[in-house]
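Reader: This one is new to me. Please walk me through it, starting with a single residue.

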Amino acid sequence: MAAPMALTRNMCSFARIFVGISQLGTRNLSVYRDRRSCKLIRSHLQLTSSTSFHTGTVLSSTPSSITVTDEPDALFQKVSVLVKGHDRAVLDSYEFFATMAAKELGITLGKVFEPPKNIERLTLLKSIHIFKKHRVQYEMRTHYRCIELSQITGSTAQVYLEYIQRNLPEGVAMEVSKTAIEKVPQHILEPMWKDQPTDDKSSQ
């Protein structure tokens, strides 16, 4: 007796699901078993075969920030990134991140080295009046990492530096120095003595 009742419940639930997704219009589904009936009447809402999604267009009144200019991009012979901090492990991790980002962007890496650390010591006299030799010495160590990039354009350098500066960890400072390649001015290309008149008689 329990099995037919469970079967009736399953059929009723299946009928509810079927009514919700069917496209047959208004229809009555009835299941009868041992004087127990399960009648479902579908609502009179018409269903469509295609699923419609709401799509909206976002119109921005502000103009695009991308501008196209005819000016040539700047070219840097070398871009040196110097980072310093007090935790050596943090600098090692950041150096790995910066070099990996440069390789992913296709930037030519020059030298990646560790400059000598700077140690500042402070000596304090622990005893004020007596025991002159009883002193305490404190020191602060500053570690450095230097990453040099060679033959890089101005736009690529701007994107790369902005990316690594946003991911700069706490307690780490950065210093960037750039060496640009510029065209030789025209007044330097031409020799200056061409403008001055030459005296052949004086030379003879």
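**A chat about the model**

Reader: Let's start with Thr123. Is Thr123 buried, exposed or partly exposed?
Author: Thr123 counts as partly exposed, because its relative accessibility is 42%. Buried means under 20% relative accessible area and exposed means over 50%, with partly exposed in between, using a 1.4 Å probe and protein chains only.

Reader: Before we go on, what kind of model is this?
Author: This is a predicted model, where local features need pLDDT of at least 70, side-chain atom pairs count only at pLDDT 80 or more, and totals for chains, interfaces and linings use all residues. Residues are numbered from 1 along each chain as its sequence is written, and side-chain values use heavy atoms, with hydrogens and water left out.

Reader: Okay, back to Thr123. Where is Thr123 placed?
Author: Thr123 sits in strand β5, residues 118-125. Helices (H or I, at least four residues) and strands (E, at least two) are DSSP runs, numbered from the N terminus.

Reader: And what does Thr123 touch?
Author: Apart from neighbours within four places in sequence, Thr123 is in contact with Arg135, Val136 and Gln137. Contact means heavy atoms within 4.5 Å. With Gln137 there is also a polar contact of 3.3 Å between the two side chains. That term means a pair of N or O atoms within 3.5 Å; within protein, one must be able to donate a hydrogen and the other to accept it, and residues adjacent in sequence count only if both atoms are side-chain atoms.

Reader: How far is Thr123 from Glu139?
Author: They are 16 residues apart in sequence and 8.6 Å apart in space, C-alpha to C-alpha.

Reader: Zooming out, how many helices and strands are there?
Author: The protein has five helices and seven strands. Along the sequence they follow the pattern α-β-β-β-α-β-β-β-α-β-α-α.

Reader: How much of the protein is buried?
Author: Buried residues make up 20% of the 204 residues.

Reader: Which residues touch the most other members in the largest nonpolar core?
Author: Val81, Leu149, Ile152, Tyr160 and Ile164 do, out of 19 residues in that core. At least two core residues come from each of β3 (75-85), α2 (88-104), β6 (135-153) and α3 (154-166), and α2 gives the most, with six. A nonpolar core is a set of buried Ala, Val, Leu, Ile, Met, Phe, Trp, Tyr and Cys residues joined through side-chain atoms within 4.5 Å.

Reader: Pick one of those. What does Ile164 touch?
Author: Not counting residues up to four places away in sequence, Ile164 touches Val81, Tyr94, Phe97 and Met174.

Reader: Now α3. Which residues of α3 are buried?
Author: Gly154, Ala157, Tyr160, Leu161 and Ile164 are buried in α3. Seen down the axis, these buried residues fall within an arc of 130°, so they line one face of the helix. The arc is that of the directions from the helix axis to the C-beta atoms.

Reader: What do those buried residues pack against, and what's exposed on the other side?
Author: The buried residues of α3 pack against β3, α2, β6 and β7 (172-181). On the other side of α3, Gln158, Val159 and Arg166 are exposed.

Reader: New topic: how many aromatic pairs are there?
Author: The count comes to two aromatic pairs. Rings of Phe, Tyr and Trp (its six-membered ring) pair if their centres lie within 6.5 Å; planes under 30 degrees apart count as stacked, over 60 as edge-to-face and the rest as tilted. Tyr94 and Phe97 form a tilted pair, 5.9 Å centre to centre with 40° between the planes. Those two are three residues apart in helix α2, so about one helical turn separates them. Phe97 and Tyr163 also make a tilted pair, because their centres are 5.5 Å apart and their planes are at 45°.
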